[in-house]
Amino acid sequence: MRKPADYALDAFLAAAARAGDRDALRQLATRWYPLLTAHAWRLTGDRDVAEEAVQEAWLEILRGLGSLRDDHAFAAWAYRITTRRCARLIARRQSDRRLARAVEAEPRETGAEDTHDEGDGARVKRAMADLPPDQRAAVALFHLQGLSVAETAIALDVPAGTVKTRLMHARRKLRDSLEGGRNE
């Protein structure tokens, strides 16, 4: 979960990078590349597409950093750019889209450690993996990354009401999945 100090550091790094500080830019990329890659993976379900989207997003972030008006909004802004890049890549690959949906519908493989550990953590991970990509992304940004509803809406490029609806449906699905897993 993001803390106020994280926002302050990101704002400082964004401002310094905009002023030409290459080390600040490197630190910003080091901090954000894994977060944006995880976000892109949640949206696409495909690691290669996610990495391609994040690479394109970073180019856009670098080009647009000078126009960022509020350095404290860097997180939502970077997530939004990544969200849009994911959408563009998916749109460009419409013939692959059907295949990606078929793969997404297949049960996810669990690691060897998950097959033996039926603890709450493994069950929650499986339940999260079964959510539709838009709900999985909303849950992760809101609950795991600590973004507000408004920031999540900006990051996903949807209205705040849509974020609330996605969170409501995701919570219901997670609850049903987790309660159903206990009764088995």
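**Helices and core: a quick chat**

Me: Hi! How does H2 pass H4 here, left-handed or right-handed?
Reply: In this predicted model, the crossing of H2 past H4 is right-handed.

Me: Which residues make that contact?
Reply: From H2 you have Leu28, Trp32, Leu35, Leu36, His39, Ala40, Leu43 and Thr44, and they meet Phe74, Ala75, Ala78, Tyr79, Thr82, Thr83, Cys86 and Ile90 of H4. Sorted by class, 12 are nonpolar, 4 are polar and none are charged.

Me: And what angle do the axes of H2 and H4 cross at?
Reply: Roughly 45 degrees, with the axes coming within 10 Å. That angle lies between 35 and 65 degrees, so H2 and H4 count as oblique to each other.

Me: New topic: how many residues does the largest nonpolar core have?
Reply: It has 45, and Trp32 turns up again, listed with Leu36, Ile61 and Phe74 as having the most contacts inside that core.

Me: Which helix gives the most to this core?
Reply: H4 does, with 8 residues. Other helices supply at least two residues each, including H1 (4-18), H2 (22-44) and H10 (160-183).

Me: What about H8 and H9, at what angle do they pack?
Reply: About 135 degrees, and their axes are 9 Å apart. This crossing is right-handed. Ala137, Ala138, Leu141 and Phe142 of H8 touch Val149, Thr152, Ala155 and Leu156 of H9.

Key:
Residues numbered from 1 in each chain as written. Predicted model: local features only at pLDDT ≥ 70, side-chain atom pairs only at ≥ 80, totals over all residues. Heavy atoms only, no water. Core = buried A, V, L, I, M, F, W, Y, C linked by side-chain atoms within 4.5 Å. Buried < 20%, exposed > 50% of the residue type's maximum accessible area, 1.4 Å probe, protein only. Helix = DSSP H or I, 4+ residues; strand = E, 2+ residues; numbered from the N terminus. Axes fitted to C-alpha atoms, helices over the stretch in contact; angles between N-to-C directions. Left-handed = near helix turned anticlockwise from the far one by under 90°. Contact = heavy atoms within 4.5 Å. Parallel < 35°, antiparallel > 145°, perpendicular 65-115°, else oblique. Nonpolar A, V, L, I, M, F, W, Y, C, P; charged D, E, K, R; others polar.
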